[in-house]
Amino acid sequence: QVQLVESGGGVVQAGGSLRLSCAASGRTFSSYAMGWFRQAPGKEREFVAAFSRSGATTYYTNSVKGRFTISRDNGENTVYLQMNSLKPEDTAVYYCGAAQTYQPMAVRLVDYWGKGTLVTVSS
């Protein structure tokens, strides 16, 4: 069983920054691909950024490239999402996900989810 706990959400003005954290239990990083997803009000959950299962490759959805950076601390079993130049359309609940897949991360492939952290970007 894998447990994921997100933190770091909040309210920020457009153009501002936030850093999200996802603390994972167990030997997660060696067995799972780790990623971030988000779900805006009235919309489906979507992929944001992820590491491959090996940790050697990162993936980003086009809308966040150049603004968001995913990173990890293997010793702390923690994955981060640094979000810069935030826009109102980034407002969503952000979820951490773990997947036992060698494919690029996608919602349908996630085996475990955290409970999410709310990010609100005001204009």
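This tour moves through a predicted model, stop by stop, naming what to select and what is found there. Residues are numbered from 1 along each chain as its sequence is written, and side-chain values use heavy atoms, with hydrogens and water left out. Because the model is predicted, local features need pLDDT of at least 70 and side-chain atom pairs count only at pLDDT 80 or more, while totals for chains, interfaces and linings use all residues.

**Stop 1: the open sheet**

Select strands β1, β3, β8 and β7. These 4 strands form an open sheet in the order β1-β3-β8-β7, with antiparallel pairing. Strands here are DSSP runs of E with at least two residues, numbered from the N terminus, and two strands pair if DSSP finds at least two bridges between them. The edges are held by β1 (4-7) and β7; each has a single partner strand, so one side of each is left without a neighbour in the sheet.

I70 stands opposite L81 in β8.

**Stop 2: Q82**

Select Q82, which is placed in strand β8 (residues 78-83). Is Q82 buried or partly exposed? Q82 is partly exposed, with a relative accessible area of 27%; buried means under 20% relative accessible area, exposed over 50%, and partly exposed in between (1.4 Å probe, protein chains only).

Now display the surroundings of Q82. Not counting residues up to four places away in sequence, Q82 touches S17, L18, R19, R67, F68 and T69, where contact means heavy atoms within 4.5 Å. The C-alpha atoms of Q82 and S21 are separated by 8.8 Å, although the two residues are 61 residues apart along the chain. The side chain of Q82 also makes a polar contact with the side chain of N84, at 2.9 Å. A polar contact is a pair of N or O atoms within 3.5 Å; within protein, one must be able to donate a hydrogen and the other to accept it, and residues adjacent in sequence count only if both atoms are side-chain atoms.

**Stop 3: the salt-bridge network**

The structure holds 3 salt bridges, each a side-chain nitrogen of Lys or Arg within 4 Å of a carboxyl oxygen of Asp or Glu. R38 meets E46 at 2.7 Å, N to O. R38 counts as buried at 6% relative accessibility, whereas E46 is partly exposed at 35%.

D90 and R38 form another salt bridge, at 2.9 Å, N to O. This pair links distant parts of the chain, with D90 in the loop between β8 and β9 and R38 in strand β4 (residues 33-39), 52 residues apart.

The side chain of D90 also meets that of R67, at 2.8 Å, N to O. R67 lies in the loop between β6 (58-60) and β7 (68-73), so its pairing with D90 ties together parts that are 23 residues apart in sequence. Both D90 and R67 are buried. Through shared partners, the salt bridges join R38, E46, R67 and D90 into one network.

**Stop 4: T101**

Finally, select T101, in the loop between β9 (92-99) and β10 (112-113). T101 is buried, with a relative accessible area of 7%. Its side chain reaches the backbone nitrogen of Q103 at 2.9 Å. Leaving aside neighbours within four places in sequence, T101 is in contact with A33, R53 and L109.
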